[in-house]
Amino acid sequence: MNKLTKLIISVCLMSLSALGQAVDSFSIKQPSAVQAEPANGSDVLAQLRAGQVVLKIQQKSSWAQVFFMSDTDQPVKGWVPAKLLAAIGDVSYEPVASDVKAAELFNSKVNANSLRVRAGASTDFEVVGRLVKSQSVVRLKDADGWSNIRFKVDNVWREGWVASKYLAAK
């Protein structure tokens with residue numbers, strides 16, 4: 001079962017009243033804190049990565065209430081600025097200064113002829129891109145034989161997961 005399916009099932013189980021409203025899925029344009037209330041300064045519940053998929057439950061003024069599964073597969077419901085929501089596939093990621101430093105430290109290249117990029121760290125997740133031999137990527141972190149990476153396609157930064165054994169240091 002992929003992460004989006006788990007997310008939809010969790011929405012159904014958490015609240016039947018929210019089910020009628022939670023119909024639109026989006027991706028996040030840039031990293032963001034998820035707030036407990038639709039206001040700056042409220043408690044931070046979680047952090048979202050650029051490109052992470054969320055379900056939009058409702059909108060209040062310039063805030064959107066979203067629901068998603070955390071990296072530890074825990075359901076999270078909170079608020080983000082609505083301007084950070086993008087149609088799936090329309091996320092454009094540009095690295096910030098700290099990412100540029102990370103890129104210097106974690107540059108890798110693909111050592112397989114063709115490599116599928118997935119939405120999560122297993123073959124259960126959907127394919128969100130493909131890489132070719134010797135293509136450069138930024139390795140963000142490793143987990144259980146999988147690497148979370150950033151890569152460019154048509155001058156647009158994307159993020160996903162690949163099997164670590166198919167990456168080599170540059």
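Predicted model: local features only at pLDDT ≥ 70, side-chain atom pairs only at ≥ 80, totals over all residues.

Residues are numbered from 1 along each chain as its sequence is written, and side-chain values use heavy atoms, with hydrogens and water left out.

- Strand E8 covers residues 107-110. Strands (E, at least two residues) and helices (H or I, at least four) are DSSP runs, numbered from the N terminus.
- The covered face of E8 holds Ser 108 and Val 110. Asn 107 and Lys 109 make up the uncovered face.
- E8 runs antiparallel to E11, joined by 3 bridges. Two strands count as paired if DSSP finds at least two bridges between them.
- E8 also pairs with strand E14 (residues 167-169), again antiparallel and over 3 bridges.

**Ser 108**
- Ser 108 sits in strand E8. Its bridge partner in E11 is Val 137, and in E14 it is Ala 169.
- Ser 108 is buried, at 3% relative accessible area. Buried means under 20%, exposed over 50%, and partly exposed in between (1.4 Å probe, protein chains only).
- The side chains of Ser 108 and Arg 139 make a polar contact of 3.3 Å. A polar contact is a pair of N or O atoms within 3.5 Å; within protein, one must be able to donate a hydrogen and the other to accept it, and residues adjacent in sequence count only if both atoms are side-chain atoms.
- Beyond its neighbours within four places in sequence, Ser 108 is in contact (heavy atoms within 4.5 Å) with residues including Gln 135, Leu 167 and Lys 170.

**Gly 160**
- Gly 160 belongs to strand E13 (residues 156-163).
- Gly 160 is buried, with a relative accessible area of 3%.
- Not counting residues up to four places away in sequence, Gly 160 touches Val 117, Arg 118, Ser 147, Asn 148, Ile 149 and Phe 151.
- Gly 160 and Val 127 are 33 residues apart in sequence. Their C-alpha atoms are 8.9 Å apart in space.

**Two loop residues with positive phi**
- Ser 134 has a positive phi of about 75°, although it is not a glycine. Most residues other than glycine have a negative phi.
- Ser 134 lies in the loop between strand E10 (127-132) and strand E11 (136-143). Ser 134 is partly exposed, at 46% relative accessibility.
- Asp 144, also not a glycine, has a positive phi near 50°.
- Asp 144 is in the loop between E11 and strand E12 (146-153). Asp 144 is exposed, with a relative accessible area of 78%.
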